[in-house]
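Colleague: I am new to this structure and would like to learn how to read its features one at a time. Could you take me through them?

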Amino acid sequence: MTPRTRRRIRRLADRTALGLSVAVLLAPCLFVFFWMVSLSVKYDIDNTAWPPVFWPEQMTFENFKKVFEESPMFLYFWNSVQVTGSATLVSLLLGVPAGYGIAKAKANRMAGVLLLSRMTPGLSYLIPLFTLFQIIGLIGTVWPIALTHLVITLPIVVWIMIGFFETQPHELEEAARIDGATLWQAFRYVALPLARPGIVVGAILSFITSWNNFIFGAVFAGRTTRTMPVAVYNMLTFESFAWGPLAAAAIVVMLPVILLTIVIQKEIVQGLSTGGVK
Amino acid sequence: MVDVSMAEAGAGPVPQKGVEGERRLRPYLLFIWPALIVCSAVIIFPWLFTVWMSLHDFRIGSPMTFIGLDNYKDLATNRRFLESIGHTFYFTVLSVALPMVLGTLAALVFHKKFWGRGFFRTLFIMPMMATPVAVSLIWTMMFHPQLGVLNYLLSLVGLPPSQWVYAPGTVIPSLVLVEVWLWTPFCMIIVLGGLASLPSEPYEAALIDGASQWQMFWKITYPLVAPFLVVALIIRTIDALKAFETIWVICNGGPGTASETINVYLYNQAFAYNQVGTASAVVVVFFAIIVALSLILLWARQKAAWT
């Protein structure tokens, strides 16, 4: 064997190993998503068959129709949009300047508050707030849910923004300051426009986390104020054996989030990995 | 998290208390105040209220009486609560260790350049973005002992069927499986960020000196990526301790109380039995456990950095 063929064989082996490891890593992820889709497009007779049916002979969209017919999905969708939208918006309004301030002043102790808020179990906010909202009479609207979502979305936005503003060169703002801009103007007209990509990442991550959140909604939501995850969970308890509609509902809930992830996947990876160590 | 990184990054002066630090901070306080006020309103008020309630015998709908530390004393002898601590640790150790190991391996793979890397990486991070409740629902159906697809997959490779979440002995490992599926991508992303920040010089030098791949990994990659691993470790530990959705949706803490973690016990006390006083005491103990564990990890990290 000449050294050259040996090298070639070695490279081929390396490549095969890499390909195999990618396949092994992705298999569980792909399988669960595949199975979800599969359950959602099969008739119940196929879903409860043994051995399980992987490729149905007959596909159906009945399950999706059922989800929308048997529960006010559009109402729940609107609830989720209101909660997630307002929580994200407020988080941006408060969190972007805070991230800027912390990054510029290097006030890392303040950022410790963020870690503390992550450590606090979600339920510990719920008992007192639940009692408080009952006294004020806010139970039965979506606003308590939106307010509690701030607890998770605000730290995310601040966290991402600190990471972003720390890497931003500060020469431009200094130039603006020398030209007589106030601190606020330097932020508003110089730093903020430059930070747009970071704001997008923060907004989307905050949106996703809030959309996916279950526990706050589970405690605060009444019949008409359920968010999507809560609505789907309730379907589970009432129709545990209708697998088709359940899987269809699962898809409906996560579809917006999956789409968002695809749109900004690159930025998410960057935002999370740089924010991660900050 | 900032605290975690600044010391080791060595970038920029670590802020000192005193005149210098304060002068730099003051003009920026206006930017930070609004968020800080909201944060403390939403965090500190519940905290004070929780501690106060934990000192009372309080059920929703009946008058509250001050009982001092009795709630805590009851917890110390409450078998169900003590068992839930055991479940929590069992669950946490597994669902921290496995995603960390798998996530690191995945990061090493995705750090290599190959065709379609971006696409495959997107696929790989999908689980952590997917709605946990919906994911748990799918897994519940997959775990079904008679009709579930997982037992069918086991039979394909010649393994006997498992009871999965329907037997006390297998419920926690089965739940960990879901947790691993959901959060391995998170560990991968953090470690990947670490790998991306590695300088190339040490590797070039090592290559010239004839180091093996294995040596390069342990002597260069591992020490440089270690701070990132610790960040992932701390966040993952906190999140695993607090895990709720998967356990609650898939098996409700059952069968019996076999998978009742502290968080699930807490939920039951507060919202199923309306025992707000007891639940508040559980919150205080639970938070103490989380903070203690995080501090141990942070401390271990600093110790490791100095040796």
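**Reading chain B**

Modeller: Over residues 122-143 of chain B the chain is 91% helix and 0% strand, with the end C-alpha atoms 26 Å apart; please keep in mind that this is a predicted model.

Colleague: Which annotation in the UniProt entry covers residues 122-143 of chain B?

Modeller: The unreviewed UniProt entry gives "transmembrane region" for residues 122-143 of chain B, and the same annotation also covers 28-49, 89-110, 174-196, 216-235 and 279-300. For residues 174-196 the model has 100% helix and 0% strand, and there the end C-alpha atoms lie 33 Å apart.

Colleague: How many helices and strands are there in chain B?

Modeller: Chain B holds 14 helices and two strands, and its C-alpha trace spans about 75 × 70 × 35 Å along the principal axes.

Colleague: What share of the residues of chain B counts as buried?

Modeller: Of the 307 residues in chain B, 43% count as buried.

Colleague: Where is B:Pro63 placed, and why is B:Pro63 classed as exposed or buried?

Modeller: B:Pro63 sits in the loop between β1 (56-57) and β2 (65-66) of chain B. A residue is exposed if 12 or fewer other C-beta atoms lie within 10 Å of its own, and B:Pro63 has 8 within 10 Å, so B:Pro63 is exposed. From B:Pro63 to B:Val109 the sequence separation is 46 residues, while their C-alpha atoms are 60 Å apart in space.

Technical notes
Residues numbered from 1 in each chain as written. Chains lettered and ligands numbered in written order. Predicted model: local features only at pLDDT ≥ 70, side-chain atom pairs only at ≥ 80, totals over all residues. UniProt positions renumbered as here; feature names shortened; annotations may be inferred. Helix = DSSP H or I, 4+ residues; strand = E, 2+ residues; numbered from the N terminus. Buried ≥ 20, exposed ≤ 12 C-beta atoms within 10 Å, placed from the backbone.
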